[in-house]
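Student: I have a new structure to go through. Can we look at it together?
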Amino acid sequence: PKGQVLLLEGARSTLDLFREMEAALEKARSEKWINGPTPELLDEVRALTGIRKAAELPAATATGPTPLGNAGDIRRERWVFHTEDGIALPATVHIPAEITAVTLYFHGQTKDTADSDPRVQERLRQGHAVAAIDLRGIGETTPKSRYDSWTPHFAEDWQQVFASYLIGRPYLAMRAEDIMS
């Protein structure tokens with residue numbers, strides 16, 4: 001009717017099909033992971049995503065510190081972590097007077113949100129040093145695209161994501177390995 005297939009009785013869109021598939025996958029995933037991450041399941045995730053084991057990754061190097069001043073009794077320093085050739089991940093490290101633990105903080109937009117994140121502030125009160133790090137394609141590492149009209153539909157790093165699949169290294173795996181390094 002009216003040239004629209006989705007107006008037919010019983011019609012389902014691609015989104016409807018994906019929702020049904022996801023519901024079935026969620027049930028299977030829940031059953032499979034009921035006992036938590038086993039070494040076999042983690043190996044399966046690595047095989048599917050291309051994420052290498054930590055022992056297989058090159059060790060990250062760091063340059064810094066560059067003092068950024070204090071916020072109250074919290075010292076702030078800038079560091080840059082190099083996880084592989086050409087990949088530099090900027091970080092702001094928040095250091096309390098007495099360190100009891102270290103927390104790594106990754107945010108989907110920028111490391112700078114750590115300054116106002118109540119969870120980070122709580123960790124600092126508990127004596128945690130907090131390293132807020134921009135992963136590749138996020139914050140300071142956000143690439144500039146000459147195709148800005150695509151950005152609202154995908155993300156600012158869409159070109160890197162697409163290119164990563166062309167070279168056989170999913171972007172998710174690259175970011176996971178950056179964290180593990």
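Student: How many residues lie between E1 and E2 in their hairpin?
Tutor: Two residues lie between E1 and E2, and Gly-72 in the turn has a positive phi of about 70°. Strands here are DSSP runs of at least two residues (E), helices are runs of at least four (H or I), and both are numbered from the N terminus. This is a predicted model, where local features need pLDDT of at least 70, side-chain atom pairs count only at pLDDT 80 or more, and totals for chains, interfaces and linings use all residues. Residues are numbered from 1 along each chain as its sequence is written, and side-chain values use heavy atoms, leaving out hydrogens and water.
Student: In which sense do E1 and E2 pair?
Tutor: Antiparallel, over eight bridges, with E1 at residues 61-71 and E2 at residues 74-84. Pairing takes at least two DSSP bridges between the strands. Pro-67 has Glu-77 in E2 as its bridge partner.
Student: What is the peptide bond from Gly-64 to Pro-65 like, cis or trans?
Tutor: That bond is cis, with omega near 0°. Pro-65 is in strand E1.
Student: New topic. Is Ser-164 buried or exposed?
Tutor: Ser-164 is buried, at 2% relative accessible area. Buried means under 20%, exposed over 50%, and partly exposed in between, using a 1.4 Å probe and protein chains only. Ser-164 is in helix H4.
Student: Which residues does Ser-164 contact?
Tutor: Leaving aside neighbours within four places in sequence, Ser-164 is in contact (heavy atoms within 4.5 Å) with Arg-169, Pro-170, Tyr-171 and Met-174. The side chain of Ser-164 reaches the backbone nitrogen of Tyr-171 at 3.1 Å.

Note on methods: A polar contact is a pair of N or O atoms within 3.5 Å; within protein, one must be able to donate a hydrogen and the other to accept it, and residues adjacent in sequence count only if both atoms are side-chain atoms.
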